[in-house]
Each structure stands twice: as C-alpha cells, then as structure tokens.
Amino acid sequence: MSFINENFLALQDSYLFSTIAKKVAKYTEENPEKKIIKLGIGDVTKPIVPACLEAMHKAVDEMGTEQGFKGYGPEQGYLFLRKAIVENDYQARGVDIQEDEVFVSDGAKCDCGNIVDIFSQNNKVAITDPVYPVYLDTNIMSGREIIYLPVTEENNFKPALPEEKVDMIYLCFPNNPTGTVLEKEELKKWVDYAKQNHSIILYDSAYESFITEDNIPHSIYEIEGAKEVAIEFKSYSKTAGFTGVRCAYLVIPKTLKGYTKQGEEICLNKLWNRRTCTKFNGVSYIVQRTAEATYSIEGKKQIRQNINAYLENAKIIKEGLEEGGFTVYGGVNSPYVWLKVPKGMTSWEFFDQLLEEVNIVGTPGSGFGKNGEGYFRLTAFATKENTIEAIERIKKWR
Ligand code: PLP
C-alpha cells in the first residue's frame, strides 16, 4: 500500500484566483459591452527588454553550433552569471558574497518552497499574516508548527518579533501583498533576534528592484551579522519581466550554520549544494545568458525604465485613491498598493462592488490570510492609460 503524506490534507484549498476569474468571467458574459480593467494580477506585462532579447537570441544560436552547444551545465548556475550577481547585486553595495554562495534557479517560488528540504520537520516556523502563500503551504506540507505574526494597521504592517522562540522566520520585503518595507534599523532587530535564538531568516527579496527610498536595505546582508543568520531569495521575474523566462537565485553564506540534534554545527551551504546536485540539473544556458544581460549597461537602463513605469503606476494608484478619500499603504517601494476597504465591508464585498459598479478587478486581502480581511490589493502592472482610467473611475464612484 502506498501511504500518502497526510500533511497535504491539512492544506486549505486556495480558491482566491480561481474565484476571481469565475466572477470576472460571469460578469463579462452578462455585460459584454463593459470595459473591465484588471489591477489584480501580480504578473508583469512589459516584454523582455532588447538587451536581454539580444543575449537570448545569441545564446539560442550558439546552441545550434558544435563549438557553442551546451549540455548539462553546473547545477549551481554558470559562473558567468554568478559572477555578475556577486559583482552587481552585492559587491557594488559593499556586501561581500562569493560566487559559491550563490545558487541560480528557475524561480524564487521553487526556492522558497524547496529550501525546507534541508531543515528539520521539528522546527517552529514564524510566518506573517497576510502572506505570500508559498511559505505557509510548503511548511504545512512538511508538517511544521507555524507561528503567525500578524501584520496590521496597528503595527504599520511590520511584524513584531515572535514572543516565543522560533527556529525559522520568513520575511518578505518589499512585501507582497502589503507593499511595506523595513528600514535598516528595523531589519537589524530581526537579525539580532535570529542570532540570539540561533534561528534562520528566510528573506524573500523578489521585489528589491522596486525600492526607491534611502535607508531601505536592498539585501539583508547589508545588515551586520546577517551572514550568520539569513538565506536570501532574489528573482528576475519582477525585476526584468522573467515570469515566463524563469530565473532566480538564492544566497546561502558559508558562515550560515544549522544544528544536529546533538548540537553539532553544520554548514547550510553544503547541505543545499548537496540537495541541488541531487534534485536539480541547472537552469538552461539560454536563460542564464538572458539573465546575465540584465547587468549590462543597456540592460540595466532598459529594465530601470520598465520598473520606473510600474512605479509611476503605483504612484497614480496611491495618490489617486488618497485623493478619493481612501486609506492606502504601500505603492512607494513596491508595485503593490494595499487599500483599506470602506468601513463595514469585507474584502470580497468590496471586490464585488468594484467589479460591478466601476468594472475594476483587484485582489481581496482576505485571500492572503485572516489579517488581510478588510483590505484589498491593487497592482501597478497594467498600462498607464488603464491605470489612470481605473483610478478616475474609482474616484468618481467614491
Ligand atoms: N516571492 C514573492 C513574494 C512573490 O510575490 C513571487 C511571485 O509573485 C515570487 C516569490 C515568485 O517568484 P518567481 O517568479 O521567481 O518564482
């Protein structure tokens, strides 16, 4: 008999995006003449920039030649990309990370989910509520005890340190869904907590390129001591429009240690390397060359233009809604705007009204956790014209 992992039975079915899709489809069918504007999706819309496209084409052509053909590559990623990552994302910011501390992957979603492989099932895990659901579900799948850290208006959407000792902590800044960021001193508290408690911080920085303000760290390793307590996840998805191309990386400093039951220190970089070599055959050469081009002079310029355009949309949403009398968070260092729904309404009631009365689609905050109830997420990934039109409609309606 083949027994199942019964932890899967403890997962809550997620109907968030399928329910949204069903409601929108029904409304469109009944009202085909209406122009619906979608500010709900968390996917980018701008195409791959020319510098990356050129690198991609070149790599494709190389693969068709005897000299340029590449078979299996290094499981950890080609050195050319890991070098570019180290130089541009770390050394340029004064952070000392080495190439063998970087692991290139096909997405931060997989990395955030797979990393639990190297940790004991007995670890206690702290996760914010509301949250990007991957952290929660992957830990439920492996049966870990979860401690919820509420993020609410009262704490300005910045979680308080756990009241009890936890072993693993997921942090995501700039945050999905709230758009919140932590300043250096605020993140330092988490690093200090992790040091005191021998915990590991799993730091998801998928939206790092949207940071606009000073004093917001672009990497957790800008914080003193973080190399002893943190794993960092980064992704080209939102930075460079790679949601369909698929490329990301994670960093595990060699100074980062886990413990055996007997208290022996074990290098987590070694464990992850072993896991990677066993279960992964690397990201395609073509994709890694495309990712490398994000660091070229032209690549950087073109990507920045796209991010600035998304940030401008976020500003239009944030300022427009504030003018319309809404209470709004995020949208400054993030493509996400977290909006408080009018008093007395649930997130889903607001969703329905917005869809039916002004034909705008967003995401109910309750879909990201209990504490998301009463909030609503709008995203900056639509065109500028549609973003302006959507906000004008909401302002008039209000
Ligand atoms: N982390 C966060 C917080 C996200 O919001 C997302 C995607 O929406 C990801 C990770 C996934 O990134 P990737 O496309 O690299 O898998």
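**Salt bridges, a charged patch and polar contacts**

The side chains of Glu 389 and Lys 35 meet in a salt bridge with an N to O distance of 2.8 Å; a salt bridge is defined as a side-chain nitrogen of Lys or Arg within 4 Å of a carboxyl oxygen of Asp or Glu. This pair links distant parts of the chain, with Glu 389 in helix α12 (residues 384–397) and Lys 35 in the loop between α1 (16–30) and β1 (37–38), 354 residues apart. The model is predicted: local features need pLDDT of at least 70 and side-chain atom pairs count only at pLDDT 80 or more, while totals for chains, interfaces and linings use all residues. Residues are numbered from 1 along each chain as its sequence is written, and side-chain values use heavy atoms, with hydrogens and water left out.

**The network around Glu 389**

- Lys 35, Glu 389 and Arg 393 are linked in a network of salt bridges.
- Arg 393 forms a salt bridge with Glu 389, and the closest N and O atoms are 2.7 Å apart.
- Both Arg 393 and Glu 389 lie in helix α12, 4 residues apart, which is about one turn of the helix; helices (H or I, at least four residues) and strands (E, at least two) are DSSP runs numbered from the N terminus.
- The side chains of Arg 393 and Glu 389 also make a polar contact at 2.7 Å. A polar contact is a pair of N or O atoms within 3.5 Å; within protein, one must be able to donate a hydrogen and the other to accept it, and residues adjacent in sequence count only if both atoms are side-chain atoms.
- Arg 393 is buried, at a relative accessible area of 18%, where buried means under 20%, exposed over 50% and partly exposed in between (1.4 Å probe, protein chains only).
- Glu 389 is partly exposed at 30%, and Lys 35 is likewise partly exposed at 40%.

**Other salt bridges**

- A search of the whole structure finds 24 salt bridges.
- One of them joins Lys 165 and Asp 167, whose closest N and O atoms are 3.7 Å apart.
- Lys 165 is partly exposed, with 45% relative accessibility, and Asp 167 is partly exposed with 23%.
- In general, side chains of opposite charge can pair when their charged atoms come close.

**Negative surface patch**

- Glu 183, Glu 185, Glu 213 and Asp 214 form a negative surface patch.
- Patches are made of residues with over 30% relative accessible area and no salt bridge, with like charges joined within 9 Å and nonpolar side chains (Val, Leu, Ile, Met, Phe, Trp, Tyr) within 5 Å.
- Glu 183 lies in the loop between β5 (168–172) and α6 (184–197) and is partly exposed, with a relative accessible area of 33%.

**Individual positions**

- Asp 192 is found in helix α6 and is partly exposed, with a relative accessible area of 27%.
- The C-alpha atoms of Asp 192 and Glu 224 are 9.1 Å apart in space, and the two residues are 32 residues apart in sequence.
- Ser 334 is placed in the loop between β11 (328–330) and β12 (336–340) and counts as buried at 1% relative accessibility.
- The side chain of Ser 334 reaches the backbone nitrogen of Tyr 336 at 2.9 Å.

Methods. Accessible areas come from the Shrake-Rupley method with a 1.4 Å probe; for residues, only the protein chains shown count as cover. Lys and Arg count as positive and Asp and Glu as negative; His and the chain ends are not counted. The place of a charge is taken as NZ of Lys, CZ of Arg, CG of Asp or CD of Glu.
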